[in-house]
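Me: Hey, can you walk me through this protein? I'd like to start with the surface and then move on to the charged pairs.

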Amino acid sequence: GLLDDSVTSLATDSQGFIWIGTKAGLNLATGRDFRALTTREGLSDSLVSGVHVARSGTVWITTRAGMCQFVNGRLVQYAFQTDSQGRSPEYLGAYEDRRGNLWAFGDTYLINLATEKRFNYFRGTEAASVRIWSLCEGRDGRLWIGTSGRGLFCFDDNSFQRVIFGERRW
């Protein structure tokens, strides 16, 4: 079965395959077999922090040591700087929006990897208590960002807007 019973992320692709991130690597359930992908197969680290199947069909896998994609049946490293304010980027994720921009997120930052533009909204003393955990795109193209410590944000036109329910500020 699974490489580890601690499942960190799940995703399904257009073929109905299930991608299972764990603390010991990545499993792929195809319905016919159960494949294990670890550092031996090219995973950048054993601890998988996220799996994202993009609209384009590309499967992005993030680990505490970086990011890779599954291409032509194998893992290929995707290099970019992951350091965030001197802390470990252990909680790193990826998301491809409808325009094809690839976003990486972790700790307190958001990076558009297509333009290599980095956005650090949560800085200074509050950075120790805030972490970006999830990212998705709304129907209008804005990115929705789930955090610990600060709640929900929208990101549009290079700016963050805090979402306060009951008020229509966002």
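This is a predicted model: local features need pLDDT of at least 70, side-chain atom pairs count only at pLDDT 80 or more; totals for chains, interfaces and linings use all residues.

Me: Where does Ile18 sit?

Reply: Ile18 belongs to strand E2, residues 18-22. Its relative accessible area is 39%, so Ile18 counts as partly exposed.

Me: OK, new topic. How many salt bridges are there?

Reply: The count comes to 5 salt bridges. One of them pairs the side chains of Asp45 and Arg64, at 2.8 Å from N to O.

Me: What does that pair tie together?

Reply: Parts that are 19 residues apart in sequence. Asp45 is in the loop between strand E4 (34-37) and strand E5 (48-53), while Arg64 is in the loop between strand E6 (59-63) and strand E7 (66-71).

Me: And is Asp45 buried or exposed?

Reply: Buried, with a relative accessible area of 17%.

Me: What about Glu137, which side chain does it meet in a salt bridge?

Reply: That would be Arg98, at 3.0 Å from N to O. This pair links distant parts of the chain, 39 residues apart: Glu137 is in strand E13 (residues 131-137), and Arg98 is in the loop between strand E9 (92-96) and strand E10 (102-106).

Me: How accessible is Glu137?

Reply: Glu137 is buried at 11% relative accessible area, whereas Arg98 is partly exposed at 41%.

Methods:
Residues are numbered from 1 along each chain as its sequence is written. Side-chain values use heavy atoms; hydrogens and water are left out. Helices (H or I, at least four residues) and strands (E, at least two) are DSSP runs, numbered from the N terminus. Buried means under 20% relative accessible area, exposed over 50%, partly exposed in between (1.4 Å probe, protein chains only). A salt bridge is a side-chain nitrogen of Lys or Arg within 4 Å of a carboxyl oxygen of Asp or Glu.
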